[in-house]
Amino acid sequence: RGTATMSPKAMLSGLTGQVAKPWFPLVILVLSLANVFIVFLSGGVTALFVSTCAARGRKGFMVAAVCNALGALLGYWIFGEIVERNGTDWVKAQYPDVFASDNWQRVQDAMRAWGWIGAVAISAAPAPLHPLVVFGALTGVGRWVMLSAVFFGRLIKYAGFGFVATAAPGTFRWAAKGKRE
């Protein structure tokens, strides 16, 4: 028996059938939650999210955006629990690259200068939010205050991505439909 290979067109067609299903935004929610702990999932989650938005169209992409933001909210809530139970030093030891990055300093600077609005802006950026949650814990900012900033920032980000996926003529819709328009 030989190994069967699937053509890229057939794989895309199969994926299109899945991302268009009404329950698929819940898959995005779960993947977004997992992405908090498995950072390399970001590219795949983004590709599935954009495909889902393109398949749902202008009237339905916000459902996927809300699910993506809720996944981030839940993931960072769990991460906040881990920070609270194990302490910030333990978390820094688990994610040394994140806390050694320029992002850590930018988070501190933005939070000091802009408070909650700065946290929303950071959350809308394409960067891990671990430093934001840890900074909130270090400075005594309430966890729900910080998590609300994560949710609204990510919602802004994903609504923007979703809008582009549905509004740019032919840019992403051809992938969702399996053909170029």
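This is a short chat about how to read a few features of a predicted model.

User: Where do I start? How many helices and strands are there in the chain?

Analyst: Start with the overall layout. This predicted model has ten helices and zero strands. Read along the sequence, the pattern is α-α-α-α-α-α-α-α-α-α.

User: OK, and what share of the 181 residues counts as buried?

Analyst: That's 43% of the chain.

User: Can we try one residue? Is Leu-73 buried or exposed?

Analyst: The idea is to compare its relative accessibility with a cut-off, and buried means under 20%. Leu-73 has 15% relative accessibility, so it counts as buried. You'll find Leu-73 in helix H4.

User: Which residues is Leu-73 in contact with, leaving aside neighbours within four places in sequence?

Analyst: Leu-147, Val-150 and Phe-151. Take Phe-151: it sits 78 residues from Leu-73 in sequence, yet their C-alpha atoms are 5.5 Å apart in space.

User: Now pairs of helices. At what angle do the axes of H3 and H4 cross?

Analyst: Picture a line through each helix. H3 covers residues 42-56 and H4 covers residues 61-86; their axes come within 8 Å and cross at roughly 155 degrees. Angles over 145 degrees count as roughly antiparallel, so that is how H3 runs relative to H4.

User: Which residues meet there?

Analyst: From H3, you have Val-45, Phe-49, Thr-52, Cys-53 and Arg-56, and they meet Phe-61, Val-63, Ala-64, Ala-65 and Asn-68 of H4. Sorted by kind, the residues of this contact are seven nonpolar, two polar and one charged.

User: Last one: how do I read a pocket? What volume does the largest pocket have?

Analyst: Here's the general idea: rolling a probe the size of a water molecule over the atoms shows where empty space is left. In this model, the largest pocket has a volume of about 290 Å³.

User: And what lines the largest pocket?

Analyst: There are 18 lining residues, and nearest the centre lie Asn-35, Ser-42, Arg-154, Lys-157 and Tyr-158. Helix H2 (24-35), H3, H4 and helix H9 (143-167) each supply at least two residues of the lining. H3 gives the most, with four.

User: How many of the lining residues are nonpolar, polar and charged?

Analyst: The lining divides into ten nonpolar, six polar and two charged residues.

Note on methods. Residues are numbered from 1 along each chain as its sequence is written. This is a predicted model: local features need pLDDT of at least 70, side-chain atom pairs count only at pLDDT 80 or more; totals for chains, interfaces and linings use all residues. Side-chain values use heavy atoms; hydrogens and water are left out. Axes are lines fitted to C-alpha atoms, for helices over the stretch in contact, and angles run from 0 to 180 degrees between N-to-C directions. Angles under 35 degrees count as roughly parallel, over 145 as roughly antiparallel, 65 to 115 as roughly perpendicular and the rest as oblique. Contact means heavy atoms within 4.5 Å. Ala, Val, Leu, Ile, Met, Phe, Trp, Tyr, Cys and Pro count as nonpolar, Asp, Glu, Lys and Arg as charged, and the others, Gly among them, as polar. On a 1 Å grid over the protein atoms alone, a cavity is a set of points where a 1.4 Å probe fits but cannot get out, and a pocket is an open set with protein on both sides within 12 Å along at least five of seven lines; lining residues have an atom within 4 Å of a point. Grid points are joined across faces, edges and corners, and a volume is the space filled by probe spheres set on the points. Buried means under 20% relative accessible area, exposed over 50%, partly exposed in between (1.4 Å probe, protein chains only).
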